[in-house]
Amino acid sequence: MTFACIHNAGRSQMAAAFFKHLADPNKAEAISAGTQPGDHVHPEVLQTMREVGIDLSKATPQKLTAELAAGARHLVTMGCGEECPFLPGLEIQDWPLEDPKGKSVERVREIRDEVRRRVEEMIDTNGWARPAS
């Protein structure tokens, strides 16, 4: 699973973090990347993810390349429009989510919660959930 946005500093970082937290790693794994990666994850994203127990302080934006996405079967793009990559052979979905950069904490929480909802739905639909403990 590859999650991609422009700067890899907000939406795709949240999506990959939720995916790693919720999905069974024996069934599916996730990476995040961007078409024009930023220098760091947006501070408002760090803050709102910390609120739900996920620390992205060590996450580093990276460039989306065919090599990086090798082995993935799915690509979820988020708001990169014309810049969204075409990677042959991948099932592609677009989640038109607002960029959280510079938004109020309240708005970033709404974006975060929508990302989580979509990730949970994807995991449920594909049977990738962690086993019940």
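Which residues line the largest cavity? They are Cys-5, His-7, Asn-8, Ala-9, Gly-10, Arg-11, His-42 and Asp-99. This is a predicted model, where local features need pLDDT of at least 70, side-chain atom pairs count only at pLDDT 80 or more, and totals for chains, interfaces and linings use all residues. Residues are numbered from 1 along each chain as its sequence is written, and side-chain values use heavy atoms, without hydrogens and water.

**The cavity**
- The largest cavity holds about 30 Å³ of space.
- On a 1 Å grid over the protein atoms alone, a cavity is a set of points where a 1.4 Å probe fits but cannot get out; lining residues have an atom within 4 Å of a point.
- A volume is the space filled by probe spheres set on the points, which are joined across faces, edges and corners.

**Helix H3**
- Helices are DSSP runs (H or I, at least four residues) and strands are too (E, at least two), numbered from the N terminus.
- H3 covers residues 105–126.
- Its buried residues (under 20% relative accessible area, 1.4 Å probe, protein chains only) are Val-108, Ile-111, Arg-112, Val-115, Val-119, Met-122 and Ile-123.
- They span an arc of only 110 degrees around the axis, so they sit on the same side of H3. The arc is that of the directions from the helix axis to the C-beta atoms.
- On the other side of H3, Glu-106, Asp-124 and Thr-125 are exposed (over 50%; partly exposed lies in between).
- Just after H3, Gly-127 has a positive phi of about 70 degrees.

Notes:
1 Å grid on protein atoms, 1.4 Å probe; cavity = no way out; pocket = protein on both sides within 12 Å on 5 of 7 lines; lining within 4 Å. Expected span 1.5 Å × (residues − 1).
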